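I opened my notebook to look up how two chains meet. Here is what I wrote down, entry by entry.

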Amino acid sequence: MKTSLAFLLDALLGLCVSSMLLQIIIPELTGLSIAPVIIIPTTILWLAIALLRKASIGLLFVSSKNERPLPNNVRAHMGWIAFCTSIVAGWIVTDISPVEFFSSEGLQGAGRIFGALLTPEFDVLPAALDAMVVTIFTALMATIVAVPLSFLLSFPAARNVMTGGAIERTIYVLLRAVLNIMRSMEPIIWAIIFSVWVGIGPFAGMLALVVHTVASLTKQYSEQIEDVDQGPLEAISATGANRLQVLWFAVVPQCVIPFLSFTIYRWDINVRMATIIGFVGGGGIGTLLTQYQGLAKYNEVGTLVILITLVVWTLDVASARVREALR
Amino acid sequence: MPLLSVKNLSHTYPNGYQALHDVSFEVEAGEFLVIIGLSGSGKSTLLRCLNRLVEPTEGTILVNGQDVTHVSDASLRSHRSGIGMIFQHFNLIPRHTVLSNVLYGALGTTSTMSSITGRFTDQQRQRALSALEVVGIRDKVENRADALSGGQQQRVAIARALMQQPQLLLADEPVASLDPATSHSVMDYLERINKDLGTTVICNLHFLSLVRRYATRVIALKGGHLVFNGKPEDISDEWFRTIYGEEAMEVDIR
């Protein structure tokens, strides 16, 4: 009795899922006579898998009425079904449409933009280089302003530094919370805020990057501080040094190299972010790119894309080299 | 008056583990006191209570008759700066030079500003150089501390402790990560400092052969209790088994 109830549930479930799948893959077919021809074998296949694996939603439902704990294969099956359902649901929600991807109209559009991008218009190059310099310096200034701030904040944000009772503990928790909120807001949102505050341009972009960089670097720095070898701390404390001296002579020397490495990597990230921030009024190459994209001048856009790729790639390689050498 | 007197000292860690139970002993100036006991018997905790790297839960510590159990801030720092300490893992500042590491021994008596800006006095530099002379590595002053061998690093650590011009030197397993030959050389330096400079030494050790060779007096801890207090030659086989357990066998390092 119970087993047949389980079969029935599995069959119904299989029917639902396979008709959903059919709807997604070939929407024109639903309601046509060909639909049952596909749905019925899929349902049977579904049922067969459930039977052979002895692990099905039906069995799960039935066995949950028993006192016996769930067998492992049922649990595994649950996970498997949840995974498959998420893919199906995700497909529907994100409007994935292979038809549009491969339609002749779509392919024509792709051909047009790729053609334009691959035949760049180099007249725009002087302006592009100027804008690129702005972007690189926006990122550099943001990093330089953020580093001393992050350095100072990283000590009160490190658990092993803030050990002096309830007040210090509170400062630590509050600071961590504020930094987490600052970091959760993407720089592009900060750029929108600052472009209203100080007006559109590289300064707004720089401020947005400063906020995000301070939040990220402080976290990285303070985690490094929490990770230092405690031995030198004990040794310096034992000489009668005060707290500031212990931090300066026992903690900082252990952190200098990792701090440098994080900072260089952050500058590299900031150049990429400065480009994106330009889209919403942060100045530099990003702003130039949105202007040409708005005018549908894709040959110029092609030049800008090539330039951005080159700069990002060069910086990526260079910063990796420098960080390697620092180890 | 004894240099150091420890009365009814107990320590319980925040997790509830009681490392020391009611430990009392005295140390006269000029002694070379060795603390023995199994790993986890409370030796390191006891040593760290003496310079308050670990806060005693109960009991009192007197140095030259002065109660230092609850002093804080400036008095705590001056208490610490009068006591040198060396460690099993040397605990030097890597990447910094040998000379800098020795100068850091003077941090307790140097103002924050002048130390952070690196303005140590010529007199302090001279003292650092002569401390390095005592441990025989004056030629390494400009080397990076982490480029030295283990034995050399421990000698720099001793020089850093000497820089404090301490009346008492604490040594926490000073030779536990060194090979036997280097161990003897490091212990010889400690002995020389004890005999020539008159510095009192309190040292945690594992090897009884080293204890018999260097100690003027021995105390033994077992499970946080003080179970032996006497001359090294008085540690009979029976005492040995009491301290280290029935299964223990004595191993020699020469």
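**Entry: the buried area.** I looked up the area that chain A and chain B bury between them, and it comes to about 1,900 Å². Carbon and sulfur atoms hold 64% of that area. I noted that this is a predicted model. As a reminder to myself, the size of an interface is often given as the accessible area lost when the parts come together.

**Entry: who takes part.** Next I asked how many residues each chain brings to the contact. Chain A gives 18 residues and chain B gives 25 residues.

**Entry: pairs across the interface.** I found 6 residue pairs in polar contact between chain A and chain B, both partners at pLDDT 80 or more. On the side of chain A that touches chain B, α11 (230-238) and α12 (243-278) are the elements that give two or more residues. I sorted the residues on that side of chain A into 11 nonpolar, 6 polar and 1 charged.

**Entry: the salt bridge.** Which side chains form the 1 salt bridge between chain A and chain B? They are Arg48(B) and Glu234(A), at 2.4 Å from N to O. I also counted 15 salt bridges over all chains. The Arg48(B) end of the crossing pair sits in helix α1 (residues 43-50) of chain B, and the Glu234(A) end in helix α11 of chain A.

**Entry: a patch on the surface.** Finally, I looked up a nonpolar surface patch with about 720 Å² of accessible area together; its residues include Ile188(A), Trp197(A), Phe203(A) and Phe279(A). Helix α9 (residues 187-197) of chain A gives the most to the patch, with 4 residues. I placed Phe203(A) in helix α10 (residues 202-226) of chain A.

How values were computed:
Residues are numbered from 1 along each chain as its sequence is written. Chains are lettered from A and ligands numbered from 1 in the order in which they are written. This is a predicted model: local features need pLDDT of at least 70, side-chain atom pairs count only at pLDDT 80 or more; totals for chains, interfaces and linings use all residues. Side-chain values use heavy atoms; hydrogens and water are left out. Contact means heavy atoms within 4.5 Å. Buried area is the accessible area (1.4 Å probe) that two parts lose on being put together, summed over both. A salt bridge is a side-chain nitrogen of Lys or Arg within 4 Å of a carboxyl oxygen of Asp or Glu. A polar contact is a pair of N or O atoms within 3.5 Å; within protein, one must be able to donate a hydrogen and the other to accept it, and residues adjacent in sequence count only if both atoms are side-chain atoms. Ala, Val, Leu, Ile, Met, Phe, Trp, Tyr, Cys and Pro count as nonpolar, Asp, Glu, Lys and Arg as charged, and the others, Gly among them, as polar. Patches are made of residues with over 30% relative accessible area and no salt bridge: like charges are joined within 9 Å, nonpolar side chains (Val, Leu, Ile, Met, Phe, Trp, Tyr) within 5 Å. Accessible areas come from the Shrake-Rupley method with a 1.4 Å probe; for residues, only the protein chains shown count as cover.
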